[in-house]
Amino acid sequence: MAFDLNMIRKTYQAIPRRLSEAREKVQRPLTCTEKILYTHLFDRENIQSFQRGSDYVDFAPDRVAMQDATAQMALLQFMQAGKSKVAVPSTVHCDHLIQARVGAREDMRAALQTNKEVFDFLGSVSSKYGIGFWKPGAGIIHQVILENYAFPGGMMIGTDSHTVNAGGLGMVAIGVGGADAVDVMAGMPWELKFPRIVGVKLTGRLNGWTSAKDVILKVAGILSVKGGTGKILEYFGEGAASISCTGKGTICNMGAEIGATTSLFGYDKKMRDYLIGTDRADVAAEADKVAEHLVGDPEVYADPEKYFDEVIEIDLSTLEPHINGPFSPDKAWPLSLFARAVKENGYPRELGVGLIGSCTNSSYEDITRAASVARQALDKGLKVTSEFTVTPGSEQVRYTIERDGLMQVFEQIGGVVLANACGPCIGQWARHNADKQEKNSIITSFNRNFAKRNDGNPNTHAFVASPEIVTAMAIAGDLTFNPVTDSLVNEKGEQVKLQEPQGLELPLQGFAVEDNGYQAPAEDGSSIEVVIDPGSDRLQMLTPFEPWDGEDMTGLKLLIKAKGKCTTDHISMAGPWLRYRGHLDNISNNLLMGAVNAANDRINSVLNQLTGKYEPVPDTARAYQSRGIGTIVVGDENYGEGSSREHAAMEPRHLGVRVVLVKSFARIHETNLKKQGMLALTFSSSDDYDLVREDDTIDVLGLKQMGPGKPLEVRLRHTDGTTDTFMAEHSYNENQIKWLKAGSALNLIRKENR
């Protein structure tokens with residue numbers, strides 16, 4: 001039986017009436033995306049036809065999900081909101097704090113010991129406030145959500161950028177910062193700029209070595225890492241209907257890598273089968289009653305150019321397997337051209353490690369397809385040449401594949417099964433010899449491959465492919481190997497060839513699990529006391545940020561002018577820093593350590609104008625802050641892409657940064673900055689970025705008259721006595737300006753709940 005079935009029933013019962021109200025205002029056929037958005041409006045009394053890409057709209061999501069690394073800060077904020085219980089169904093999933101070292105059992109034992117304080121905190125807060133708690137080892141948040149909570153036509157937000165995975169089960173599921181989660185858990189509206197909608201028409205059918213992973217690798221190559229910003233991708237067509245539910249999840253999951261707000265598929269038989277297969281026949285029965293409302297209108301799909309802002313068409317029958325990378329998930333290579341790319345670009349040809357699993361590709365279908373390649377290897381006298389790891393997505397998947405003998409196949413070819421956790425995908429990987437920073441190649445079925453992402457080594461060339469391609473590559477140990485065309489030499493010296501993989505969407509005997517790792521909250525949590533040790537280096541109670549003083553921001557010192565790609569990984573690194581996600585002051589010691597300083601092309605080395613020396617970014621920020629001097633960060637294009645982590649906004653706020661001025665923002669990071677009371681600005685002319693010097697003193701003028709759509713003036717005071725002035729844009733609406741004035745969105749919530 002499904003969790004929160006009554007909530008799902010009520011959602012479905014309301015859809016026909018709410019859609020009827022929306023149609024009266026919109027007066028045209030609706031996409032599946034629009035149907036879900038219009039049926040989840042917070043204000044049902046003032047429905048209107050919203051302008052895509054410009055209108056800010058308040059929504060009422062059905063549920064909230066948080067992973068353990070981001071949940072700490074989200075729940076520390078929620079504890080200040082003045083509420084006794086969450087207003088919507090919410091869950092916490094312990095998947096980020098388990099480091100991959102040698103294998104599942106030993107790694108889990110170490111994680112439970114190392115992170116006991118944090119896990120106990122999350123468990124007690126969850127129990128007190130009515131939040132479902134998934135214990136360490138239960139699985140990766142997005143796989144657990146797909147198996148237990150996602151439902152067609154629903155809307156959810158989650159404190160992880162890959163929340164979008166649930167689009168594979170027909171949800172509008174969006175990654176957000178913890179402050180957004182607090183809003184919804186407190187019963188407040190959640191604000192989003194009404195997105196543009198990209199229609200992705202899939203024709204034909206996947207075959208051979210090609211999998212669902214290759215669809216999104218192809219789309220990423222088409223749209224680039226910021227091509228989906230402010231947009232929702234809606235997949236449709238006969239090809240979409242032929243892809244398994246978990247395959248759809250894979251496609252939606254990696255939509256985060258192109259900056260998409262989210263991605264989704266309409267309800268179909270594959271989703272129905274998956275709901276039934278995961279013991280949610282009751283949800284499938286309810287969805288069937290309103291099935292016509294859980295897909296776009298027929299007119300939309302018959303004439304997509306008329307109803308979508310952009311249309312992409314992909315023929316699955318002719319789609320090749322792809323390998324994307326290195327260093328960016330949108331650098332797409334068809335498999336037939338990859339060997340040449342390796343040679344021409346000087347990528348390390350020898351493969352160091354192949355890694356499969358993660359939230360993106362750890363379904364039963366993924367594992368069976370990869371296992372079919374591994375089983376062939378055993379039958380043909382082959383084993384892995386490279387290191388090879390397998391990360392199950394959930395305890396349910398792990399238990400089932402062990403029962404069905406698949407885990408043993410991986411172990412027999414030389415693989416290592418890791419814990420049901422994020423592990424190497426997010427940098428929680430104690431990879432041996434990574435500290436030597438040697439040039440090497442790895443290939444994963446993960447989603448993100450920025451420099452240093454997986455093992456901390458900037459010289460690791462990380463490539464992304466499907467689990468079956470990764471498995472074949474690990475057997476070959478050579479990035480120029482093409483399993484579609486090439487042969488291998490086995491232990492007998494024979495030439496052997498791998499055949500195309502075979503897989504099962506769902507286990508023939510059904511899923512099985514002894515302990516899924518779920519802990520229900522207390523019926524009445526009022527007597528539960530959440531205790532945080534004042535001397536802890538892992539957890540720290542929050543102090544509210546100071547409100548705006550009502551004056552222009554003048555005399556600011558440039559903290560850093562970041563050059564090129566500056567993701568949330570560059571702003572607030574993961575890996576070993578995950579241990580401080582609940583301690584704002586300690587984790588702020590990694591502020592912008594990975595960003596490249598445009599003045600000297602070095603990382604973590606900026607001019608401290610007080611000493612005249614180049615010093616680490618956090619130290620410089622603290623030096624200015626101790627003297628009461630505000631600072632400003634200047635950045636390049638798509639600043640803050642990648643993870644949803646709000647620490648990348650809270651850390652600069654905590655260390656005295658007042659303004660972030662960039663060429664363009666990634667969506668989630670811009671919202672996170674606004675939520676924390678920061679001033680997020682973009683250059684009116686990107687050429688003005690070149691005017692900023694490392695020893696500038698900077699003023700931001702016009703704040704007293706700040707209003708929606710009204711630019712602000714920036715004045716650069718150079719040390720040679722000259723000045724430059726230019727205009728900077730912002731996207732604040734009236735409500736967001738209130739956040740700025742109050743010091744943060746949470747300050748407003750606290751005030752309203754007194």
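These are my notebook entries on what I looked up in this predicted model.

**Ground rules**

I number residues from 1 along each chain as its sequence is written. For this predicted model, local features need pLDDT of at least 70 and side-chain atom pairs count only at pLDDT 80 or more, while totals for chains, interfaces and linings use all residues; side-chain values use heavy atoms, with hydrogens and water left out.

**Entry: aromatic pairs**

I began with the rings, and a search of the whole structure gave me 22 aromatic pairs. Here, rings of Phe, Tyr and Trp (its six-membered ring) pair if their centres lie within 6.5 Å; planes under 30 degrees apart are stacked, over 60 edge-to-face, and the rest tilted.

I then looked at Tyr38 and Phe50, a stacked pair with 5.8 Å centre to centre and 25 degrees between the planes. Tyr38 belongs to helix H2 (residues 32–38) and Phe50 to the loop between H2 and strand S1 (56–59), so this pair ties together parts twelve residues apart in sequence. For such labels, helices (H or I, at least four residues) and strands (E, at least two) are DSSP runs, numbered from the N terminus. Buried means under 20% relative accessible area, exposed over 50%, and partly exposed in between (1.4 Å probe, protein chains only).

Trp134 and Tyr149 came next: they are edge-to-face, at 6.2 Å centre to centre with 85 degrees between the planes. Trp134 sits in strand S4 (residues 132–134) and Tyr149 in the loop between helix H6 (141–148) and strand S5 (155–158), so the pair ties together parts 15 residues apart in sequence. Both Trp134 and Tyr149 are buried.

**Entry: lysines over rings**

I also checked for charges over rings (NZ of Lys or CZ of Arg within 6 Å of the ring centre and within 35 degrees of the ring normal). Lys561 lies over the face of Tyr689, 4.4 Å from the ring centre. Lys674 has its charged end over the ring of Tyr732, 5.0 Å from the centre.

Lys674 turned up again when I listed the contacts (heavy atoms within 4.5 Å) of Gln736. Leaving aside neighbours within four places in sequence, Gln736 touches Tyr56, Glu191, Lys674 and Ser731. Gln736 lies in helix H25 (residues 734–742) and is buried at 3% relative accessibility.

**Entry: a covered helix**

How many residues of helix H19 (residues 467–476) are buried? I counted ten of ten, among them Pro467, Glu468 and Met473. Just after H19, Gly477 has a positive phi of about 70 degrees.

**Entry: the parallel sheet**

Last, I traced an open sheet of four strands, ordered S10-S9-S8-S11 with parallel pairing; two strands pair if DSSP finds at least two bridges between them. S10 (262–265) and S11 (310–315) are the edges with a single partner strand each, so one side of each has no neighbour in the sheet. From one strand to the next the twist averages 20 degrees.

S8 (residues 196–203) pairs with S11 over six bridges, and Lys201 stands opposite Glu313 in S11. Helix H8 (residues 212–223) lies across S8, S9 (231–236) and S11, at about 135 degrees to S11. Axes are lines fitted to C-alpha atoms, for helices over the stretch in contact, and angles run from 0 to 180 degrees between N-to-C directions. Helix H10 (residues 245–253) touches S9 and S10, making about 160 degrees with S10.
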